[in-house]
Amino acid sequence: AATGTPTLTYAWQYLNGSSVWKPWAVGTGYHTANFTTIPTNANYNGLQIRVVVTDGNGLTATSNVVTVTVHSPPVITTQPVSQTVNLGSSASFSVAASGTPTLTYTWQYLNGSSVWKPWAVGTGYNTANFTTIPTNAAYNGLQIRVVVTDGNSLTTTSNVVTVTVHSPPVITTQPVSQTVNLGSTASFSVAATGTPTLTYAWQYLNGSSVWKPWAVGTGYHTANFTTIPTNANYNGLQIRVVVTDGNGLTATSNVVTVTVHSPPVITTQPVSQTVNLGSSASFSVAATGTPTLTYAWQYLNSSSVWMSWAVGTGYNTANFTTLPTTAAYNNLQFRVVVTDGNSLSTTSNPVTLTVNNPIPVTVSPTSLNFGNIATGTNSATQTVTVTNNQSVPLNFTSITGPGGYDLAGATDRKSVV
């Protein structure tokens with residue numbers, strides 16, 4: 001404000017870099033008592049300004065020199081950087097800034113409603129260095145920024161960065177336990193999704209409780225694995241698969257089991273039998289296996305076909321007895337098929353029934369006179385020898401003759417005296 005001979009005029013000036021006072025030519029009112037600059041930039045900070053007032057007589061008065069102080073917001077010198085982490089790991093971000101002290105920091109995330117929200121979990125969310133809590137799948141693609149505020153409450157917002165969370169594969173179809181018969185293969189499969197390319201490693205639990213990779217069978221590095229033909233050692237074997245994605249993250253399947261059904265084991269084989277014609281023959285077997293064991297005794301017919309017994313006793317048990325034998329039973333072959341509760345069967349060794357058929361012997365002449373020797377009241381001993389050339393024992397059924405006689409050792413001998 002000034003007084004003087006009218007009319008007063010005003011010339012606002014600034015001191016340039018060459019220490020020369022220059023008239024303002026931008027802004028508003030730079031020729032009036034009230035001058036407003038254009039919007040300031042950092043170059044205005046410290047700028048010196050004055051005004052020269054001239055009256056109607058051309059006389060001038062120069063005001064005091066004043067200074068413009070421009071408060072600039074913080075300057076981010078190092079922007080945050082996007083982070084990639086594995087599921088369950090934390091993500092860390094940092095910023096570097098300069099500005100009027102004291103700088104404060106507010107880390108923010110963009111929520112599902114596209115609103116920037118301040119972090120309230122993790123560590124350092126009000127400092128230059130922020131670390132999230134362990135990530136979950138919802139963190140993947142999350143956008144993050146930081147607002148830096150200086151001592152004049154001026155703010156600067158960082159670039160927006162992103163969290164990428166690598167999740168391990170997801171097994172959508174688990175393997176299933178398998179039951180097979182001894183000697184058959186067992187097949188397992190798995191279905192999984194994840195970052196390509198997925199790889200598979202099928203494993204088994206060895207006797208030392210260590211998971212070992214399969215190196216036999218087919219497809220043990222694919223989603224579909226088939227064992228070699230099983231033996232008894234496979235029964236109860238535990239199996240799993242480890243699926244690995246393109247980021248090196250893994251998912252392990254449920255553990256499944258192989259059950260191998262083994263056929264019965266015959267611990268005592270039947271034994272061949274020899275009987276006399278008309279006698280019964282008995283056979284037995286002992287076996288172990290999955291209950292309940294059943295038995296089917298068989299014979300080999302004239303057409304070389306094994307037929308099931310339907311006569312006798314115990315032909316569906318472990319102990320079988322024939323009907324009284326006839327000559328047709330001689331050299332008949334027998335066996336037994338033992339079947340367990342899983343319908344697996346084991347067949348015994350074949351055995352043979354031998355039926356002895358005594359051959360009648362007719363002595364001709366029908367009477368023999370061996371003579372008498374008078375020795376007083378007794379006769380001397382007379383010896384008669386009968387030779388049997390057959391393969392079966394010779395039985396004497398009757399010996400007749402006049403007078404008394406003594407028969408010694410006359411049964412079941414091939415040579416009877």
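Residues are counted from 1 along each chain as its sequence is written, and side-chain values use heavy atoms, leaving out hydrogens and water. In this predicted model, local features need pLDDT of at least 70 and side-chain atom pairs count only at pLDDT 80 or more, while totals for chains, interfaces and linings use all residues.

Let's start with W12, which sits in strand β1 (residues 9-15); strands here are DSSP runs of E, at least two residues long, numbered from the N terminus. W12 is buried, at 16% relative accessible area, where buried means under 20% (1.4 Å probe, protein chains only). Its C-alpha atom lies 8.2 Å from that of T32, 20 residues apart along the chain. The side chain of W12 gets to the backbone oxygen of T32 at 2.6 Å.

Next up is strand β10 (residues 104-110), which runs antiparallel to β13 (residues 142-149) and is joined to it by six bridges; strands pair if DSSP finds at least two bridges between them. Y105 stands opposite V148 in β13. Three bridges also tie β10 to antiparallel β11 (residues 116-118), with P118 in β11 as the bridge partner of Q108. Five residues lie between the strands of the β10 and β11 hairpin, where S114 takes a positive phi near 60°.

Finally, the largest nonpolar core has 21 residues; such a core is a set of buried Ala, Val, Leu, Ile, Met, Phe, Trp, Tyr and Cys residues joined through side-chain atoms within 4.5 Å. F188, V190, Y200, W202, W214 and I239 touch the most other members. β23 gives the most to this core, with four residues. A second, separate core of 20 residues includes I266, A287, V338 and V355.

Terms used:
Buried means under 20% relative accessible area, exposed over 50%, partly exposed in between (1.4 Å probe, protein chains only). A polar contact is a pair of N or O atoms within 3.5 Å; within protein, one must be able to donate a hydrogen and the other to accept it, and residues adjacent in sequence count only if both atoms are side-chain atoms.
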